[in-house]
Amino acid sequence: MSNDPLLQPYQLKHLTLRNRIIVTSHEPAYPEDGMPKERYRAYTVERAKGGVALTMTAGSAAVSRDSPPVFNNLLAYKDEIVPWIREMTDAVHEEGAAIMIQLTHLGRRTRWDKGDWLPVVAPSHHREASHRAFPKKVEDWDIKRIIKDFADAAERMKAGGMDGIELEAYGHLIDQFASPLTNELDGPYGGALENRMRFCLDVFKAIRERVGNEFILGVRYTADECLPGGNGQAEGIEISKRLRDSGLIDYLNVIRGHIDTDAGLTDVIPIQGMANSPHLDFAGEIRAATNFPTFHAAKIPDVATARHAIAAGKVDMVGMTRAHMTDPHIVRKIIEKREEDIRPCVGANYCLDRIYQGGAAYCIHNAATGRELTMPHILTKADVRKKVVVVGAGPAGLEAARVAGERGHEVVVFEAANNAGGQIRLTAQSERRREMISIIDWRMSQCEKYDVTFHFNSWAEADTIEAEKPDVVIIATGGLPHTEVLSRGNELVVSSWDIISGDVKPGTNVLIFDDAGDHAGLQVAEFIARAGAKVEIMTPDRSFAPEVMAMNLVPYMRSLQKHDVTFTVTYRLEAVEKSGNQLVAHVGSDYGGIAREHSYDQIVVNHGTIPLDELYFELKPSSSNLGEVSHDELLSGKPQSVVRNPEGRFQLFRIGDAVAARNTHAAIYDALRIAKDL
């Protein structure tokens, strides 16, 4: 048996967990009609295949109709969920893993205009900032009804074959009862801590009566709200001991912080540029104070930190949830002593930010996550070995090279720069986003493993490519900043790339016109503000930086607000002219009726990229498919068979920003679904 702390089994009541790594409850927003159908099941089972000890689903499944999900959650209040749960649990158990589900009532953390348009309920009328709903103060009959709903849902989950359930008790209704900030009830459920905890314990009592003593029950709760007037660390330790002493639960899953604002949520679940494992020591303090099984997860992205968490006795089970979205086979690679092959989580939080904007969770650099029914995590060798030439070593080109190499093809990559990375290398210039470079470093190490040949400082021409006698050519040349967006004065502005790369020095009074709304706009603002300049960000949109999304916006705002950056929405930069040593910005509005002038000494335009596609069009006449992609074959996972030019010598494809300005995930997804079928 291995002496690796992470690979030691753990006994949780009657349940033997095969190692110390878990995937904590999270909702990837893959349900269909509120049910965990094929897509949801495939995603969950993949992590079991990868060797995780316990996978928890649903963050969280709704137990009541007046707890409508604000994104696509499982609906545990429906009887029809049971057979879908059974299919998922059976499949996970077949892979040797345990499976649990998280149940909740959202309380005020939802909206009244979702689902059945029932009033939101909470133990006070205080609105939650994130979801903006003013709740009805819960009545006695509401409490009785919701307790029964929890017990009913738990019984359904047991019938579906779950090994246990976890109650979500931070930020949701149970926590709203527990916190003095959100509980203004009188009587048995309000006032002293004992009363505020009563709802949680009554829920567990009702559940125990339904599921018996052998079924695993746990709670994910905040042991320190980190809010003035809220439950602090001392109260958190007392809550932890009372939960343990209730005899109703089998483990504690510790959270620190609050989630009622975007900023609070981001501190609970930190993103890139923020410290790793910030609450691990605190979880260790709870474990030491209670001497009770303790789980924890919060930005533990790497094996070394997870190993330390177990070896040092901080926790009994360590959660690596986003890390498993990036690579579901972490445990298998640890067992096989291939830790260097683990695809690293870079903390980009594309997964969670998409969910909170109503989308499905996708990993920024594993396009197979959430697409297990159509995209492979493990590639098989091709029947016929081909010569594949890739032009461009950004994220799209490197993914194409990696996938083709793993498939067994001979791969040659041409890159005009002296190193790989493309726009990722540029974005990683920011201290906040330096973790992004792991997207490139991991692919370079994988390409080396598969003997991919690289030619750096090589500006590939059409004859250069054709001299390689390729079977397939993939153009991944990316794009260049597109600043030609004004009616006049385009030559007077600079791009965000110019500033971030250091090619142009920041001015002292700077306008950033950002209608791309991506990271580059905020990165350049932060770069310039830190240099001591006065900065204004202007956008024609209703809000700035919509592509950055909520949790990624938090650290930017904390920095930019400290530097007194001005944010101007709903105005459009229309033209620029020079006046002495100043630039005059002519500003209008898409809403009409506005014409203003303001002076700056530097104007930056962030308008995305325009494809660098000349080589593609030069090669197109020599290709067999004339660049055409069959969408039917692409989407059904079949090799491309289009032949429009029988005399053509190779297939030609282009991917990523060489097609159109999009993002890193789109570039990598382009590459995977073309290259996996070569």
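Tutor: Ala, Val, Leu, Ile, Met, Phe, Trp, Tyr, Cys and Pro count as nonpolar, Asp, Glu, Lys and Arg as charged, and the others, Gly among them, as polar. The model is predicted: local features need pLDDT of at least 70, side-chain atom pairs 80 or more, while totals for chains, interfaces and linings use all residues. Numbering runs from 1 along each chain as its sequence is written, and side-chain values use heavy atoms, without hydrogens and water.

Student: How do you know how the lining of the second largest cavity divides by residue class?

Tutor: By those classes, the lining holds nine nonpolar, two polar and one charged. D175 is among the lining residues, and Asp counts as charged. A169, I174 and A178 are also among them; Ala and Ile count as nonpolar.

Student: What is the volume of the largest cavity?

Tutor: About 580 Å³. The lining has 41 residues, with S25, H26, Y170, I269 and L352 nearest the centre. They divide into 22 nonpolar, 13 polar and six charged.

Student: Which element gives the largest share of that lining, and why is it called a helix?

Tutor: Helix 11 gives four residues. It is called a helix because it is a DSSP run of H or I with at least four residues, numbered from the N terminus.

How values were computed
1 Å grid on protein atoms, 1.4 Å probe; cavity = no way out; pocket = protein on both sides within 12 Å on 5 of 7 lines; lining within 4 Å. Points joined across faces, edges and corners; volume = space filled by probe spheres on them. Helix = DSSP H or I, 4+ residues; strand = E, 2+ residues; numbered from the N terminus.
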